[in-house]
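Student: Let's go through this structure together. Could you start with the terms we'll need?

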Amino acid sequence: MSKAWRTGSHVERPTDAETQRSLEQGGEGPPPTKMPILKSLRVADAKVPGAGTLPQRSSRNPFEDVPGLEEEEPGRLGTLPNGTSCGRRATLEKLAGLAPFRLAWTPGRRAGSPGDGQPRSFLGRVLMPGTRRSSADFGLLARLQGTRAQGEEETGEAARRLAFLRLGRGPKPRRASLAERVVPAGEAAPEPPPKVREPPKMKEPLSVLEILSLIQQRELARADEHILELEAEELASSGGAPGPPKLEGAGGGGGRRARDVALLYEALQRELWALVRETLAGPGPGVGAGAGAVAQLGQVLVQEEAADGRRGPGAARRLRARWAEAVARAARERLEAAAPGAPGGLAAQLEALRARLLEDMGVVRGRLAPAYPAGLGAFGVYLRGYHSALAEWLGAAARRRLPLADRYALLHWHHQVYPREVLGLVDMVALENGELGPLLSPGTVRGLEDECVTDVKAQTRAALLRALQEDEEHWGSPEDLPSTLAQDVCELLEEHTERAPRISQEFGERMAHCCLGGLAEFLQSFQQRVERFHESPGVRELPPETYISRTISLVNCGPPLRALAERLARVGPPESEPAREAAASALDRVTRLCHRVLADLLFQELQPHFSKLMRRKWLSSTEALDGIVGTLGAQALALRRMQDEPYQELVAELHRRALVEYVRPLFRGRLRCGSRTRSRVAGRLREDAAQLQRLFRRLESQASWLDAVVPHLAEVLQLEDTPSIQVEVGVLVRDYPDIRRKHVAALLDIRGLRNAAARQEILAVARDLELSEGEALSPPRDRAFFADIPVPRPPFCLGLPLLGRFPTLGLARPRLVCLPRLRPPPPSRTWAGAQR
C-alpha cells in the first residue's frame with residue numbers, strides 16, 4: 001500500500017456491481033482511471049520532463065551503472081517516499097539484489113535467473129551461464145553474508161510480531177479459488193494442457209572457494225573431480241599443452257587459474273595425508289576416520305592415476321607415490337611415538353615396536369585395506385611403509401654407541417623377532433618374496449657383529465683371568481673350600497655362545513671361534529698355575545687331606561671345560577681346530593699331572609706290600625696281596641669325589657700300575673723256578689691275578705686288557721714242550737706289543753730253561769714278531785705295560801773255567817755264581833702319610 005492511500009486522497013474505484021455487469025456483458029471492465037500524482041512526491045514542474053522523478057533505467061539490465069548517478073548529490077536526485085536516498089538504494093540493488101521492483105516477472109521465474117527456472121544469486125545473474133566464479137568474487141560474497149543474514153533476522157522478527165497481532169481476528173476466511181469461480185459446480189474441469197518437457201539443466205561449475213569447502217568437508221572425490229575440471233579449463237585457456245605441475249606454495253608465475261589449481265592440490269593433499277594419519281591412529285569419532293573417507297581417498301588416487309596417464313610423464317602429479325610416502329611418514333610417527341616411552345633400554349623399546357607393528361597391521365588388514373580399491377594394493381603399501389620406517393629407526397639405533405647387551409638385542413630382533421613374530425604373523429601372500437628387503441644393510445649387520453665379537457673377546461679374557469686369580473688364592477689355603485672355577489668359566493662363555501647362534505648361524509660360528517680362542521688361552525694359564533702349585537714348597541706344609549682334596553678339585557675342572565671346548569669346536573668354523581687342540585692339550589697335562597700326584601701318593605703306601613712279592617714266603621702266604629687289595633679298596637673311597645671321566649682314567653692307571661708293580665719283582669729275578677716249583681708258582685700267579693681282577697672290576701676299571709697279562713706269564717712258566725711255549729710267547733707278544741726279547745729271555749731264566757737250542761727257537765718267535773711290529777706305531781701310553789718294567793742287565797756270572805783257578809770254597813757242585821743288582825731306595829712320602 002503506497003503513501004497516497006495512507007493520506008486519504010480520493011480515487012474513484014468501480015463498484016462490485018459495475019464490475020459484475022461488465023463481466024456478464026463480456027466487457028473488459030471499467031475504463032482505466034487516472035491516478036493523480038501524489039503531492040508527497042513533490043513534483044516541481046510538469047513542463048520539465050523528469051524533474052524530481054526517479055532516474056529511468058534501461059530494461060535490458062537493471063544492475064547496470066547509470067552514468068553520473070553516483071557522482072550527483074542526493075539533493076538533486078531527490079528522495080524516495082520513505083526518505084531513502086536514490087543513489088544509496090541503487091548501490092544496494094547492485095550489490096545484494098535487494099530491489100523492491102521485479103522486472104518482467106513471470107510465474108516460476110525470477111528476473112535475471114537462467115533459463116532453467118532455477119533461482120540464482122546476484123553473482124550468478126551478473127556472470128554469464130557456464131562461467132566459473134573466481135576466488136576474488138567469493139571474497140566479496142563472504143563479506144556480504146553478514147549484512148544479508150542481519151536483514152533476514154529483522155524481517156523474521158517483524159513477521160512474528162504481525163502474526164501475534166492477528167491472533168484476535170480469528171482464522172482467515174477461505175476464499176474460492178479462481179477455478180471454482182470460473183467453472184460452475186457439477187461441471188467437469190477441463191483437462192490441463194500437456195506439460196512441456198523442460199530443457200536439461202546445465203551443470204553450474206563450482207568456484208575455487210566452493211571446491212575448497214568440499215575439501216574441508218572431506219568430500220575428497222567430488223572435490224578432486226572439480227579440480228580436474230578446473231585444470232582442464234586452465235589447459236584449454238593456455239593452449240592445451242600440459243605442463244609440469246606447479247610446486248607447492250608457488251605464488252608467482254602463471255595465471256590465476258593455474259595458481260588456484262596448485263593451491264587446491266595442496267589443500268587436497270593436506271587432507272589426504274591427514275586422513276592417512278587419522279585412520280592409523282584408530283576409528284575415533286572424527287569425520288575422516290571412517291571407511292567412507294578411506295574409500296574416497298582411494299577413489300581420488302584412482303582418478304589422479306588416470307589423469308596422470310592423460311597428462312603425460314612430464315606433467316604427472318604421481319599422487320599414488322606421494323600416498324606411499326605419506327603412509328611411510330605416518331608409520332614413522334607411530335613408531336617414534338611408541339618407542340621412546342618404553343623404559344628398560346633398547347630391548348624394551350624393540351618390544352614396544354613389535355606391539356605397535358602388530359596393532360597397526362591388524363588395523364590395516366581388518367579396516368583400512370578393504371576400504372581401498374583392489375588395484376591399489378593398499379596392504380602392501382602400508383606394510384612397505386612400516387618396513388621402511390622401521391629400517392630408518394633401527395639404522396639410527398645401530399649408529400649409536402650401544403652396550404653389548406643392546407647390540408645383542410638389536411641383532412636378535414633383526415634376525416629372529418621381526419621375521420618370525422611380525423612378518424610371520426602378517427599374511428604375506430600378496431607380496432613377492434624378498435620385496436621388503438633387509439631392515440639393516442649387510443655392512444651394518446657385519447659391523448654390529450664385529451663390535452660384539454671384539455667386546456666379548458676383551459670382556460671374557462678379563463673375566464676369566466679374574467676368576468682364575470680368585471680361585472688360585474684358595475689353593476694354598478689350609479681350609480678345604482669347594483672350587484667353582486669351571487662353573488664360572490662355563491657361565492661366562494655360554495652366555496655368549498648360546499645367544500649368538502640364536503641370532504644367526506654365521507654369527508654363532510664367529511662367536512664360538514672367539515670364545516674357543518679365549519678358552520684355550522685361559523686353559524694354558526690354568527695349566528701353568530697348576531704346575532706351579534704342585535712344584536711350590538708350600539704344598540708340603542698343607543694338610544695331606546687338604547692337598548688331596550685340592551688336587552681332586554683341580555682334576556674336576558677338566559670335564560666341563562673339555563666338553564665346552566669340544567662343543568665350541570663343533571659349532572665354530574674349521575679354523576677352530578688348532579684352538580681346540582691347544583685347549584685339550586692343556587687339560588690333558590693338568591689331568592696327567594694330578595693323576596700322577598695321586599698315584600704316587602697311593603703307591604708309596606703300597607710299596608711295602610709289593611716288596612714282599614715273589615719270595616718264598618709269598619708262595620705260602622697271601623699277606624702281601626691282601627695288604628695291596630685292602631689298601632687300594634680303602635683309598636678308592638677318596639677318589640670317588642672325582643668326576644667320572646677323570647676317575648675312570650685314574651682307576652685304569654692304578655690298574656695298570658698295580659699289575660706293573662706286581663710283575664716287576666718277577667722280572668728282577670727274585671725267584672728261580674725248578675721243575676718242582678714251576679707249577680706252584682704258576683698257580684699262585686693265577687690266584688693273585690684273579691683277586692686283582694675282582695678288585696679293579698669293583699672299582700669300575702675299564703682296563704680289561706690287563707686281565708690276561710699275568711695268566712700268560714703263568715702259562716709260559718708252566719708249559720713243558722717248546723712248541724707250546726712258542727705259541728704262548730706269540731700270543732703274549734701279539735697282545736702286548738711293547739714286550740721285548742729281553743723280557744722273554746728273563747722269563748725263560750725264571751723258568752729255568754737252559755737248553756740253548758730251545759731258547760733260540762723261542763726267542764726267534766719273539767724276534768720275528770718284534771721285527772714285524774717295528775714298522776707299526778708304538779702303542780699309546782695307556783696301553784703300555786712291559787715298557788715300564790725294566791729288565792736287569794745279564795748278571796755277571798762266574799763260569800767253571802774261572803772258578804777252577806780259585807778254591808771251590810767248600811761248594812759241593814760247581815754252579816754259576818751271580819751277583820745281584822742294587823735296587824734304588826723307595827720314595828719317602830706315602831699315601832698313608834698324606835692321609836694322616
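Tutor: Helices (H or I, at least four residues) are DSSP runs, numbered from the N terminus, and buried means under 20% relative accessible area, exposed over 50%, partly exposed in between (1.4 Å probe, protein chains only). This is a predicted model, where local features need pLDDT of at least 70 and side-chain atom pairs count only at pLDDT 80 or more, while totals for chains, interfaces and linings use all residues. Residues are numbered from 1 along each chain as its sequence is written, and side-chain values use heavy atoms, with hydrogens and water left out.

Student: Which side chain makes a polar contact with the side chain of Glu-449?

Tutor: Glu-449 sits in helix H16, and it counts as buried because its relative accessibility is 5%. Leaving out residues up to four places away in sequence, it touches Leu-411, His-415, Ser-504, Phe-507 and Arg-510. A polar contact is a pair of N or O atoms within 3.5 Å; within protein, one must be able to donate a hydrogen and the other to accept it, and residues adjacent in sequence count only if both atoms are side-chain atoms. The partner, at 3.5 Å, is Arg-510.

Student: Is Glu-359, which pairs with Arg-356 in a salt bridge, buried or partly exposed?

Tutor: A salt bridge is a side-chain nitrogen of Lys or Arg within 4 Å of a carboxyl oxygen of Asp or Glu; here the closest N and O atoms are 3.7 Å apart. Both residues lie in helix H13, three residues apart, about one turn of the helix. Arg-356 is buried at 18% relative accessibility. At 45%, Glu-359 counts as partly exposed.

Student: How many disulfides are there?

Tutor: A disulfide is a pair of cysteine sulfur atoms within 2.5 Å. By that rule the count is zero.

Methods: Helices (H or I, at least four residues) and strands (E, at least two) are DSSP runs, numbered from the N terminus. Contact means heavy atoms within 4.5 Å.
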